[in-house]
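User: Hi! I'm new to this one, could you walk me through it?
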Amino acid sequence: MLANAVYILLNQNIMKTLRNLLGAALLIITLSFTPTKNKTVVIDVSHGGHDHGQQEHSITEKDIALQVAQKLQALSQDSSIKIILTRDSDAFVSLKDRVAFIEKQKPHYMISLHANGYKDESTSGYELFYGDGDYHEASKKLASNLSESLNIDLQSRGIKKASFYLLKNAVCPSVFLEMGFLSNPEDRAYLISESGQTAIAMAIFKSLEQL
Ligand SMILES: [Zn+2]
């Protein structure tokens, strides 16, 4: 009887130890499949709310920017890159608030997403802009890395210097990506398509992975 009780007690202890070991093993497995986020990137989702940005028919720059940004964030889920969006809904965020928000995140990089528009509808393609603040050289490099990755169906209009407010107040290497012209029928079709948006998001993600 006593032997039996000791046996049961031992058995319970073994079970407890096994449970603990299993728990530890599961934790290790989970941790090894959740990569550490070692790169923080703010994606500035331009415009929003009453500020539609460029608009052609019912297609707005604010929607395109959000859709691409959300695809990019989804791609980064299981990666070492932490993507933070300046807005995740159709809300208006002032430039001043964007600067303050970006500063708070202490990101390694910032990319502001836009879509262009022009009176001549034959004008098309994507272009990158960098500013001339403290991060001038690093921003230029970020633009050229992005440009190399942007192997998409739209033509490149190159990398340019600009004095946009967000670039002037950059707290990290920062660029503007004008993804294409909503005023151009081919660009517009590409920018509203799932495949086009995914291709742009993939290209940005690949470029960030390589940095
Ligand atoms: Zn814009």
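Analyst: Happy to. One term to begin with: a salt bridge here is a side-chain nitrogen of Lys or Arg within 4 Å of a carboxyl oxygen of Asp or Glu. By that rule, the side chains of Lys160 and Glu127 form a salt bridge, with N and O 2.5 Å apart. Please keep in mind that this is a predicted model.

User: Which residues join Glu127 in a salt-bridge network?
Analyst: Arg157 and Lys160 do, through salt bridges that share partners. The bridge from Arg157 to Glu127 has an N to O distance of 3.2 Å. Arg157 lies in strand E7 (residues 156-161) and Glu127 in strand E6 (residues 126-130), so this pair ties together parts 30 residues apart in sequence.

User: Is Glu127 buried or exposed?
Analyst: Glu127 is buried, with a relative accessible area of 5%. Arg157 counts as partly exposed at 32% relative accessibility, and Lys160 counts as partly exposed at 30%.

User: How many salt bridges are there?
Analyst: The count comes to five. One of them pairs Asp90 with Lys62, where the closest N and O atoms are 3.0 Å apart. Asp90 lies in the loop between strand E4 (81-85) and helix H3 (95-105), and Lys62 in helix H2, so the pair ties together parts that are 28 residues apart in sequence.

User: New topic: what coordinates the zinc ion?
Analyst: The zinc ion is coordinated by His47 through NE2, Glu61 through OE and His114 through ND1, at 1.9 to 2.2 Å. Along the chain, these donors follow the spacing H-x13-E-x52-H. His47 belongs to the loop between strand E1 (39-45) and strand E2 (55-56), while Glu61 is in helix H2 (residues 61-75). Both His47 and Glu61 are buried.

User: And the inside of the protein, which residues touch the most other members of the largest nonpolar core?
Analyst: That core has 38 residues, and the ones touching the most other members are Ile43, Ile111, Leu113, Leu177, Ile200 and Ile204. A second, separate core has 11 residues, including Ile84, Ile102, Met110 and Ala162.

User: What does Leu113 touch?
Analyst: Leaving out residues up to four places away in sequence, Leu113 touches Ile43, Asp44, Ser46, Ala65, Val68, Ala69, Leu177, Met179 and Ile204.

User: Last one: how many helices and strands does the protein have?
Analyst: The protein has seven helices and eight strands. Buried residues make up 44% of its 211 residues.

Definitions and conventions
Residues numbered from 1 in each chain as written. Predicted model: local features only at pLDDT ≥ 70, side-chain atom pairs only at ≥ 80, totals over all residues. Heavy atoms only, no water. Core = buried A, V, L, I, M, F, W, Y, C linked by side-chain atoms within 4.5 Å. Buried < 20%, exposed > 50% of the residue type's maximum accessible area, 1.4 Å probe, protein only. Contact = heavy atoms within 4.5 Å. Donors = N, O, S within 2.8 Å, 3.2 Å for Na, K, Ca; no water. Helix = DSSP H or I, 4+ residues; strand = E, 2+ residues; numbered from the N terminus.
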